[in-house]
Amino acid sequence: MSRYRYMTEIQQMMFVFGEVQDPLPETTMLIEDIVRSQVIEIIVMAAAQAQRRGSRFMATEDFIFLIRHDRTKVLRLREYLSWRDVRKKVKEREDAGDDIIDDANADKGDRAAKVKIKLSWELANLFLDNINDDDEEDDEEMLDAQGDSLKRLRDADEVTKQMTRDEYVHYSECRQASFTFRKNKRFREWANMSAYLDTKLNDEIIDILGFLTFEMVSKVTETALKVKRDLEKAANDAMCLAEASSSSNAQKQQSAQAQQQQQQQQEKEQEQEQPQQPPQQQDPKVAKPGSKSAAVSLFSGPPTAHTPLEVQHVQEAFRRLQRAPQPIRNFKGGLTRTRVSLI
């Protein structure tokens, strides 16, 4: 059995984030390897964090603690988890056959309420039991969490403006791609969790890992696209400089040839009483308008064809994401394992 089990999902995610509809297989396999290594690193670090707390089981705050430096991602994850119970209760009512609309007059205690995720290392949570809850702070955090989501929705709206109905349906299906939704068993086997974990992860932890894997593919793809644009811009600038230098050399040659032709014409006028103007010869290096060589000029824009990402783009993107400075600890020399930065 092949170890690459999420190539279809990764290709769909890459297409949503700006890649072509059919990415290269080798690029997709490289991204899957990167995501798998990141998932293993996150689980190992979260297990170590839980052990420091004196607990055998991993909790939600262990994973949030690992990404605490990325405030936007933390807020989105907390918002995602806060609505998880709401979705669960609504699903239970749908399975039971209850009418949610008719239940509007039910008691407030029976309604599905959004749960606020509290983190133990936040100082404000130590005093929430003694003070009244303030909804303004929750609203501010919710707005911050929704800011990046709204930006993604605006980008998706710009992308789908020119799509046909079938293209939009395919794009909507790609947006629903996930590593863990109804794939918990496959995800556990894919990450080989039994090799380095004694306990079985619950569904909430699997949902968190599914959220983080989606963010990893997004970050790697967007960074690789930026690398590709930078390389194309550098190549285009180099081509423009080469064309500018060649055009300047061509102008010098044209001026020299014009001087020679002028001297030859003066000599012929002196020799003949009725001088004839020499036929005008066009420089072969100067392209005629409408020829193939005139299609690319100094002021021509970049090619409009959208080419897929290559392996070198993803490798450079991963290198940039791993550019965190590492302390020197192997003073005796030799090879040591450096710490992997989480994407």
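Trainee: Is Glu-316 buried or exposed, or does it count as something in between?

Mentor: Glu-316 counts as partly exposed, at 22% relative accessibility. Buried means under 20% relative accessible area and exposed means over 50%, with partly exposed in between, using a 1.4 Å probe and protein chains only. Please keep in mind that this is a predicted model, in which local features need pLDDT of at least 70 and side-chain atom pairs count only at pLDDT 80 or more, whereas totals for chains, interfaces and linings use all residues. Residues are numbered from 1 along each chain as its sequence is written, and side-chain values use heavy atoms, with hydrogens and water left out.

Trainee: Which residue does the side chain of Glu-316 meet in a salt bridge?

Mentor: Its partner is Arg-320, at 3.2 Å from N to O. A salt bridge here is a side-chain nitrogen of Lys or Arg within 4 Å of a carboxyl oxygen of Asp or Glu. Arg-320 is partly exposed as well, with 27% relative accessibility.

Trainee: Where do Arg-320 and Glu-316 lie?

Mentor: They are in helix α10 (residues 311-321), four residues apart and so separated by about one helical turn. Helices (H or I, at least four residues) and strands (E, at least two) are DSSP runs, numbered from the N terminus. Through shared partners, salt bridges join Lys-226, Asp-230, Glu-316, Arg-319 and Arg-320 into one network.

Trainee: How many salt bridges are there by this rule?

Mentor: The count is 17. One of them joins Arg-5 and Glu-189, 3.1 Å from N to O. This pair links distant parts of the chain, with Arg-5 in the segment before α1 (7-16) and Glu-189 in helix α8, 184 residues apart. Arg-5 is partly exposed at 24%, and Glu-189 is partly exposed at 43%.

Trainee: What about Arg-152 and Glu-215?

Mentor: Their side chains also meet in a salt bridge, at 3.1 Å from N to O. Arg-152 lies in helix α6 (residues 135-160) and Glu-215 in helix α9, so the pair ties together parts that are 63 residues apart in sequence. Arg-152 is partly exposed at 26%, whereas Glu-215 counts as buried at 5%.

Trainee: Changing topic, which residues of helix α8 are buried?

Mentor: In α8 (residues 184-191), the buried residues are Phe-187, Arg-188, Trp-190 and Ala-191. Viewed down the helix axis they fall within an arc of 165°, so they line one face of α8. That arc is taken from the directions from the helix axis to the C-beta atoms. Among the elements that cover them are α2 (25-52) and α9 (203-271).

Trainee: And what follows α8?

Mentor: Asn-192, just after the helix, takes a positive phi of about 55°.

Trainee: How many aromatic pairs does a search of the whole structure find?

Mentor: It finds seven. Rings of Phe, Tyr and Trp (its six-membered ring) pair if their centres lie within 6.5 Å; planes under 30 degrees apart count as stacked, over 60 as edge-to-face and the rest as tilted. Tyr-80 and Phe-211 form a stacked pair, 5.6 Å centre to centre with 25° between the planes. Tyr-80 is in helix α4 (residues 71-82) and Phe-211 in helix α9, so this pair ties together parts 131 residues apart in sequence. Tyr-80 is partly exposed at 28%, while Phe-211 is buried at 13%.

Trainee: What of Phe-187 and Trp-190?

Mentor: Their ring centres are 5.6 Å apart and their planes stand at 40°, so the pair is tilted. Phe-187 is buried at 0%, and Trp-190 is buried at 4%. Together with Tyr-6 and Phe-179, these two residues form one aromatic cluster.

Trainee: Which residues have the most contacts inside the largest nonpolar core?

Mentor: They are Phe-179, Phe-187, Met-193, Leu-201 and Leu-209, in a core of 50 residues. Such a core is a set of buried Ala, Val, Leu, Ile, Met, Phe, Trp, Tyr and Cys residues joined through side-chain atoms within 4.5 Å. The largest share of this core, eleven residues, comes from α9.

Trainee: What does Met-193 touch?

Mentor: Leaving out residues up to four places away in sequence, Met-193 touches Ile-43, Phe-187, Arg-188, Leu-201, Ile-206 and Leu-209. Contact means heavy atoms within 4.5 Å.
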